[in-house]
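Have the viewer open while you read.

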Amino acid sequence: PWPYAADTKLTWMLEILKSQNVQFKNRDNSFYCPSIKTGSCYGMNNGFMLNTSIPKKNKILLLSDSVHYMPGDYPQKPSYGGAAYKIQSRFEHPGTGTADRKRHMGGANVLFSDGSVDWLPSNLISTNPTDPLWFSP
């Protein structure tokens, strides 16, 4: 699913639950990082918002530990609600979140478009939206 579907107002997490006939209140803990108790713990790359296909042979960030910051709040006031379910490269911007580069020993857990999973240190999670990690269509 797309990170956010405007027509149904559902996030990617809710779309997955809906496709599995699972109500939100009956979901399991798979959408939540054990180190964060509330909010959206994982975000989907907003670069896929208008794309119906995901390149599967590239190391493009698909899902990551995520966080939302209001301008001027990075990194002191992380919010795991807001728009952290969809992420972009930049640290602070309204309307979406970013990879939580600080949560796990100065890095983030990442699911790549090729299906692999890895921990990336903060310095390898680019803030440049044209970096191949973020997939600029």
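Just after H1, Asn-21 takes a positive phi of about 55°. Helices here (H or I, at least four residues) and strands (E, at least two) are DSSP runs, numbered from the N terminus. Keep in mind that this is a predicted model: local features need pLDDT of at least 70, side-chain atom pairs count only at pLDDT 80 or more, and totals for chains, interfaces and linings use all residues. Residues are numbered from 1 along each chain as its sequence is written, and side-chain values use heavy atoms, with hydrogens and water left out.

H1 spans residues 12–19, and Trp-12, Met-13 and Leu-17 are buried in it. These three sit on the same side of H1 because they cover an arc of only 140° around the axis, taken from the directions from the helix axis to the C-beta atoms. Buried means under 20% relative accessible area, exposed over 50%, partly exposed in between (1.4 Å probe, protein chains only).

The largest nonpolar core has twelve residues, among them Trp-12, Phe-31, Leu-62 and Tyr-85. Such a core is a set of buried Ala, Val, Leu, Ile, Met, Phe, Trp, Tyr and Cys residues joined through side-chain atoms within 4.5 Å. H1 gives the most to this core, with three residues.
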